[in-house]
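Dear colleague,

I am handing over the structure we spoke about, with a summary of what was computed from it. Please read the notes below alongside the sequence and the coordinates.

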Amino acid sequence: MRFQWGWIEPVMPVPYVPTLGPVRPGDPLPDLFEAVVEIAGTGRFLPYDKDRRWSATKTERVLVDGIEHDQRQTLVPTLLERGAGTVKVHVYGAEPDSLTAGADLARKLATTHGAAKARVVWFLGPEQPEAYAQGVGTRVQLKDFTHGPGEASTVPVHYDKQLHEEAGFSEFAEEMAADGFAFLHQQMQAGTVGPVLTVLHDGRVAGAIGPMETMADPTGSARLLPQYFGVLPRYRGHGYGRALWRAAMHWGHQHSATYQLLQTEVGGASDRLCQAEGLASLGFVNQRSA
């Protein structure tokens, strides 16, 4: 499959590659699109795929035979084989009926592949009102370390794994299981992930961010990978989230990261924090059932 990049580029408001997610502006998007098609169905990871740290095989693949690509729009379907299966159609197009075409294709391919869910994914540029993405979208945010990590944390942040356990990280992780911390705790106990940063309240874990890890991107630049990030509801409002965020940015800078890309729920606490900390918005990734 060869893409005509002159057809896609004008209707791609966010630099986003199916199965890889958001990438940095200026990354070789045509090459990345070709790469995810080339390895589709092999179970292999591209060397710069951030999901490599969680699994031995890639569970989402491009459905190459389902791609629709012309001068009006490009529809790129993927199949996530985890659970009961999900087909997602990524819509790159500005035509009024592009979303309808994407939803129709998602439903058709979900039936063909026996997937329980069919979803459509579309994109809005950073200049669009965030109300258009409220409830259906995430904001893609860029932290650039060119000018340093930013302000330092004014609240003590802890790195020591033994201290985490003594201070009740397991209880914290169980309470924050919906945010992924139970899974993260399993990885910590197995010793398969980088350090996790915590803040304590009266000697007990109140919030955490991690794992702290970097990975080379398609151009060879080191990027700070996304983390699990959360504070127990009863301890919010103490500045713990900001303290964890700033400590994480200092860790990334100290470990030679060039940048970090994040997706934050539009209007959520992390979204507001990242905006307040000066991250650049690259636009919105929206998703709904087809």
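Rings of Phe, Tyr and Trp (for Trp, its six-membered ring) are taken as a pair if their centres lie within 6.5 Å, and the pair is called stacked if the planes are under 30 degrees apart, edge-to-face if they are over 60 degrees apart, and tilted for the rest. Ring pairs of this kind join Phe3, Trp5, Tyr16, Phe33, Tyr92 and Phe123 into a cluster.

Before going further, please note that this is a predicted model, in which local features need pLDDT of at least 70 and side-chain atom pairs count only at pLDDT 80 or more, while totals for chains, interfaces and linings use all residues. Residues are numbered from 1 along each chain as its sequence is written, and side-chain values use heavy atoms, with hydrogens and water left out.

The chain as a whole

The protein chain has eight helices and 15 strands, where helices (H or I, at least four residues) and strands (E, at least two) are DSSP runs numbered from the N terminus. The radius of gyration, taken over C-alpha atoms, is 20 Å, which agrees with the value near 19 Å that a compact globule of 290 residues would have; the globule rule is 2.2 Å times the number of residues to the power 0.38. Along its principal axes, the C-alpha trace spans about 60 × 40 × 35 Å.

Of the 290 residues, 50% count as buried, meaning under 20% relative accessible area, with exposed being over 50% and partly exposed in between (1.4 Å probe, protein chains only). Of the contacts (heavy atoms within 4.5 Å) with a separation of 6 or more, 67% are between residues 24 or more positions apart.

Aromatic pairs

By the ring rule, the count comes to 11 aromatic pairs. One of them is formed by Tyr16 and Phe123, which are tilted, at 5.2 Å centre to centre and with 45° between the planes. This pair links distant parts of the chain, since Tyr16 lies in strand 1 (residues 16-17) and Phe123 in strand 7 (residues 117-124), 107 residues apart. Both Tyr16 and Phe123 are buried.

Phe181 and Tyr228 form another tilted pair, at 6.2 Å centre to centre and with 55° between the planes. Here too the pair links distant parts of the chain, with Phe181 in helix 6 (residues 181-190) and Tyr228 in strand 13 (residues 228-231), 47 residues apart. Phe181 is buried, at a relative accessible area of 0%, whereas Tyr228 is partly exposed, at 22%.

Two further residues

Leu142, in strand 8 (residues 137-144), counts as buried because its relative accessibility is 14%. Leaving aside residues up to four places away in sequence, Leu142 touches Tyr259, Gln260, Leu261, Leu279, Ala280 and Leu282. The C-alpha atoms of Leu142 and Gly43, by contrast, are separated by 29 Å, and these two residues are 99 residues apart along the chain.

Gly66 sits in the loop between strand 3 (60-62) and strand 4 (68-69), and Gly66 is buried, with a relative accessible area of 12%. Leaving aside residues up to four places away in sequence, Gly66 touches Leu75, Pro77, Leu105 and Leu109.
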